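Hi everyone, thanks for coming.

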Amino acid sequence: MADNARRFHPVVGVAVAVLGLAGIVTAQHLPFRENIQDDLTHRSEQALQAAGLSAVQVDFIGRDGTLKAASTAEADRALEIVRGLAGVRVAVADVPTVAAPAPSASPTAPAAPAAPPTVAFALGGGRIAVTGTVPSEAARAALVQTATELAGAGQVDDRLTVDATVTDAGLAALPNVVKAIAKGTKEATVELRDGSLTLAGTLDKQVTKDAVAAAAAQVGATVVDRTELAKVQQELVKLPAVTFLDNSTTLTPAGRAALAQAARILTANPQVKVRIEGHTDSNGSTADNLALSRARAKTVLDFLVKQGVATDRLSAEGYGESRPARPNTSEANQAVNRRVEFIVQP
């Protein structure tokens, strides 16, 4: 009977083994997690101290960090530093809300005006960085969504912070500016700060520059336009119009002279590749206009090759009446729409 009492039950043995294994896994996992967060906290504190931000507190749970800063400006700088450290998955900032001052004894004292938002888009290297301060999470999400649509998922550095004390002035129209400038260049900056909108970058063609200017005018801020056309693009835009005989692919003497100048520009800049675009007005059928524009673009390409420009530097495309520079409402506008454009390729 005593032997039976001491007999080991198999189910109990399995349970003990499972619990023991779970204990071992937990014991191994917790120190590993703590090591990661301790390492990230230590490296973050060192980086912040080196940047003169030793007052910013850092706390990590795993690879996710929370920063406590005294001001929004301090938080912005600290977030940029910590998010750039290897191993950091998420970093957010906690800025204490400053209590509103007690009402003034004088009923005529004016209230302090709300500050405008600060937002900057930086395009480069196939990525877009968005920095600044906006009034709400909805505003932040809308700007990040614009950057994601342009650069693609995973290609956006979101460094925006939310501060309910700033206004939303100009934010609704800002995405259209960024979209317009992104069509003409891969590297540019768009910055809205203190009621001014500053644009910088080298754009592909004049029509892009015009579109950017039109979008910027809708923001309601003072526009500082520092965009410019690429050097060779500027020279090609300044050329006289390339003209043809009516409804023909035969160049006029003035057209041949303009192309001779284009050949000299391209010969002097052998690294530049150009797309030749043919356009027409809306007179005639759509199909005929498309065919004519393509034939004229090909005529220009052939002329430049005969002038010594390498074929692999040139491409030709016709768009017919589909891309008018001006409305086809007058003979003068139609004359402008009958054109050949040289587009420098990135």
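Let's begin with the neighbours of D281: leaving out residues up to four places away in sequence, D281 touches N289, E321, N328, Q334, N337 and R338, where contact means heavy atoms within 4.5 Å. Before I go on, a word on the source: this is a predicted model, in which local features need pLDDT of at least 70 and side-chain atom pairs count only at pLDDT 80 or more, while totals for chains, interfaces and linings use all residues. Residues are numbered from 1 along each chain as its sequence is written, and side-chain values use heavy atoms, with hydrogens and water left out.

Back to D281, then. You'll find D281 in the loop between strand 10 (274-279) and helix 9 (286-306); helices (H or I, at least four residues) and strands (E, at least two) are DSSP runs, numbered from the N terminus. Is D281 buried or exposed? It counts as buried, because its relative accessibility is 5%, and buried here means under 20% relative accessible area, exposed over 50% and partly exposed in between, with a 1.4 Å probe and protein chains only. A polar atom of the D281 side chain also sits 3.0 Å from the backbone nitrogen of N283.

One of the partners of D281 is Q334, which belongs to helix 10 (residues 331-337). Q334 is buried too, with a relative accessible area of 13%. Beyond its neighbours within four places in sequence, Q334 is in contact with D281, N283 and N328.

Now please follow helix 9 to its packing partner. Helix 8 (residues 253-268) packs against helix 9 at an angle of about 55°, with the axes 9 Å apart. The axes are lines fitted to C-alpha atoms over the stretch in contact, and angles run from 0 to 180 degrees between N-to-C directions. The two helices, helix 8 and helix 9, are therefore oblique to each other: under 35 degrees counts as roughly parallel, over 145 as roughly antiparallel, 65 to 115 as roughly perpendicular and the rest as oblique. Which residues make the contact? Helix 8 brings R256, L259, A260, A262, A263 and L266, and helix 9 brings V300, F303 and L304.

Let's compare that with another pair. Helix 4 (137-151) and helix 5 (residues 174-182) have axes that come within 10 Å and cross at roughly 15°. Helix 4 and helix 5 are therefore roughly parallel to each other. This contact is made by L143, T146, E149 and L150 of helix 4 and P175, V178, K179 and A182 of helix 5.

Staying with helix 5, its buried residues are L174, P175, V177, V178, A180 and I181. What covers them includes strand 4 (118-124), helix 4, strand 7 (188-193), strand 8 (196-203), helix 6 (206-217) and strand 9 (222-229).

L160 counts as buried, at 5% relative accessibility. Setting aside neighbours within four places in sequence, its contacts include V119, V130, L143 and V144. L160 and L79 are 81 residues apart in sequence and 9.5 Å apart in space, C-alpha to C-alpha.

Finally, the whole chain. The protein chain has ten helices and twelve strands, and buried residues make up 36% of its 346 residues. Of the contacts with a separation of 6 or more, 65% are between residues 24 or more positions apart.

Definitions and conventions. A polar contact is a pair of N or O atoms within 3.5 Å; within protein, one must be able to donate a hydrogen and the other to accept it, and residues adjacent in sequence count only if both atoms are side-chain atoms.
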